[in-house]
Amino acid sequence: ARIGRMTLVVKVTNIPDEAPVFSPKAYAVTLGEANELDSPILRVTASDPEGMQSVSYSIVGGNSDGTFRLDPISGELVVHAPLCAVQQSQHVLTVQATDSAATDVATVTVNVENENLHDPELEISSYPVVVSELADPGLFVYDVDATDADCGDTDAITFSIVGGDNETHPHFEIHNETGVV
């Protein structure tokens, strides 16, 4: 009987079937409202346990207003729109890592601290008001208005008279919250 021989090379290929893994699963960062737009605030990382696939990143929850952007390749998270602690002091994002097989998710919590970035501004710089010397105490004289360019901080404006009245025996009072003289 005759026997033939041959060499058979069998190549076993790995079929990607394991999801990437975030490490850690939760991230947190605290920022001030003055954080520079489009500058990185943190980087999320996930690895492919099989070491074969590249991982891509995306935000899949908590970013309906588009305040944040996540680089799909590097995992760098940036602030893309101005932050306002008075309107929203905490953003909780769900980020996803994907390879060709599956996905994993992690949570990013962004805490926003209120910052007083702007001085209040009086609506007009001089208030020409005439009051009779016979006017009764407590008579309404004027309602001073001011604005503050800081987001949501208009309730934080307080008023006071800092000069021009008799300091020992003041003739005028201003309500510190309303600006009514």
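1. Leaving out residues up to four places away in sequence, Ser-39 touches Leu-77, Val-78 and Val-79. The structure under review is a predicted model. Ser-39 belongs to the loop that runs between β2 and β3. With a relative accessible area of 18%, Ser-39 is buried, because the limit for that class is under 20%. The side chain of Ser-39 also reaches the backbone oxygen of Glu-36, at 2.7 Å.

2. The largest nonpolar core has 23 residues, and those touching the most other members are Phe-22, Ile-41, Val-44, Tyr-57, Phe-68, Leu-77 and Val-108. At least two residues of this core come from each of β2 (26–32), β3 (40–43), β6 (68–70), β7 (76–79), β8 (90–98) and β9 (103–113). Strand β9 gives the most, with 4 residues.

3. Ile-41 deserves a separate entry. With residues up to four places away in sequence not counted, Ile-41 touches Val-29, Leu-31, Asn-35, Phe-68, Leu-77, Val-79 and Val-110. Among these partners, Phe-68 and Leu-77 are also listed with Ile-41 as core members that touch the most others.

4. Leu-42 is placed in strand β3. Its relative accessibility is 15%, so Leu-42 counts as buried. Neighbours within four places in sequence aside, Leu-42 is in contact with Tyr-27, Val-29, Gly-75, Glu-76, Leu-77 and Val-108. Val-29 and Leu-77, named here as contacts of Leu-42, are also touched by Ile-41.

5. A search of the whole structure finds 2 of them. In one, the side chains of Asp-104 and Lys-25 meet, with an N to O distance of 2.6 Å. Asp-104 lies in strand β9 and Lys-25 in the loop between β1 (21–22) and β2, so this pair ties together parts that are 79 residues apart in sequence. Asp-104 counts as buried at 14% relative accessibility, whereas Lys-25 is partly exposed, with a relative accessible area of 44%.

6. Arg-43 forms a salt bridge with Glu-76, and the closest N and O atoms are 2.9 Å apart. Because Arg-43 lies in strand β3 and Glu-76 in strand β7, the pair ties together parts that are 33 residues apart in sequence. Arg-43 is partly exposed, at a relative accessible area of 43%; Glu-76 is likewise partly exposed, at 26%. Glu-76 is also in contact with Leu-42.

7. A second, separate core comprises 6 residues, including Val-141, Val-144, Phe-159 and Val-181. Leu-139 counts as partly exposed, because its relative accessibility is 48%.

Notes. Residues numbered from 1 in each chain as written. Predicted model: local features only at pLDDT ≥ 70, side-chain atom pairs only at ≥ 80, totals over all residues. Heavy atoms only, no water. Core = buried A, V, L, I, M, F, W, Y, C linked by side-chain atoms within 4.5 Å. Buried < 20%, exposed > 50% of the residue type's maximum accessible area, 1.4 Å probe, protein only. Contact = heavy atoms within 4.5 Å. Polar contact = N/O pair within 3.5 Å; in protein donor to acceptor, adjacent residues only side chain to side chain. Salt bridge = Lys/Arg side-chain N within 4 Å of Asp/Glu carboxyl O.
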